[in-house]
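Student: I am new to this structure and would like a friendly tour. Could you show it to me?

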Amino acid sequence: MLVVASLAQGCTGAGASSPSAELSGRLEDSGVTVVAALTTGPDGTRQLQATFTPQRTGYHLYSVDLPPGGVDGLGVPTTVRVGGNLRAAGSPAANVPVRTLRIEALDVNLPVYPDGPVTIAVPVRRTGNGRAEVTVTYAACSTSNCLAPVRDRVIALAPVGT
């Protein structure tokens, strides 16, 4: 289900210092709430920040650095792609460090974020006045259970306060 909502204040993460949100949108699907916001920092740089918050305690998301097909088919990388009138001007960066989740029974190491929320920031530039959007892919897992992955879901961004 796609839900567009306003963000009361700027989202912080990945080194940002209290940016102001221009546009925002929200998605709730498969046990995760995603809030995306186009922000402008004090120095005038723009970035799209997408905060992924698992709705259950003890759940984490996979790293943006996980290969597209996972490791031995395990895991779904967290991706944040901008579209519409937004273009990426740099690589995505997370506000928390990646940790290694070792699954002994399968002899696999998976790069994941710590349990709880993670914000992925992507430097962007606007290319016009049209629609701004972000496309996200993710999966939330605990040490014993994974929720259904969400793939290529579009979040339309709307002006804050509307």
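Tutor: Let us begin with a term: buried means under 20% relative accessible area, exposed over 50%, and partly exposed in between (1.4 Å probe, protein chains only). This is a predicted model, where local features need pLDDT of at least 70, side-chain atom pairs count only at pLDDT 80 or more, and totals for chains, interfaces and linings use all residues. Residues are numbered from 1 along each chain as its sequence is written, and side-chain values use heavy atoms, with hydrogens and water left out.

Student: Is P68 buried or exposed?

Tutor: P68 sits in the loop between β5 (60-61) and β6; strands are DSSP runs of E, at least two residues, numbered from the N terminus. Its relative accessibility is 75%, so P68 counts as exposed.

Student: How many residues does the largest nonpolar core have?

Tutor: A nonpolar core is a set of buried Ala, Val, Leu, Ile, Met, Phe, Trp, Tyr and Cys residues joined through side-chain atoms within 4.5 Å. Among the residues with the most contacts inside the largest one are V34, F52 and Y138. The elements giving it two or more residues include β3 (32-40) and β12 (132-138). The number of residues in this largest core is 28.

Student: And how many residues are in the other core that lies apart from it?

Tutor: Its members include V76, V108, L110 and C141. This other core has a residue count of 9.

Student: Which hand does the disulfide of C141 and C146 have?

Tutor: A disulfide is a pair of cysteine sulfur atoms within 2.5 Å, and the sulfur atoms of C141 and C146 are 2.0 Å apart. C141 is buried at 2% relative accessibility, whereas C146, at 46%, is partly exposed. The torsion about their S-S bond is about 115°, so this disulfide is right-handed.

Student: Which strand gives the largest share of the lining of the largest pocket?

Tutor: On a 1 Å grid over the protein atoms alone, a pocket is an open set of points where a 1.4 Å probe fits, with protein on both sides within 12 Å along at least five of seven lines, and lining residues have an atom within 4 Å of a point. Here 14 residues form the lining, and C146 is one of those nearest the centre. With 3 residues, the largest share comes from strand β9 (residues 99-103).

Definitions and conventions. Helices (H or I, at least four residues) and strands (E, at least two) are DSSP runs, numbered from the N terminus.
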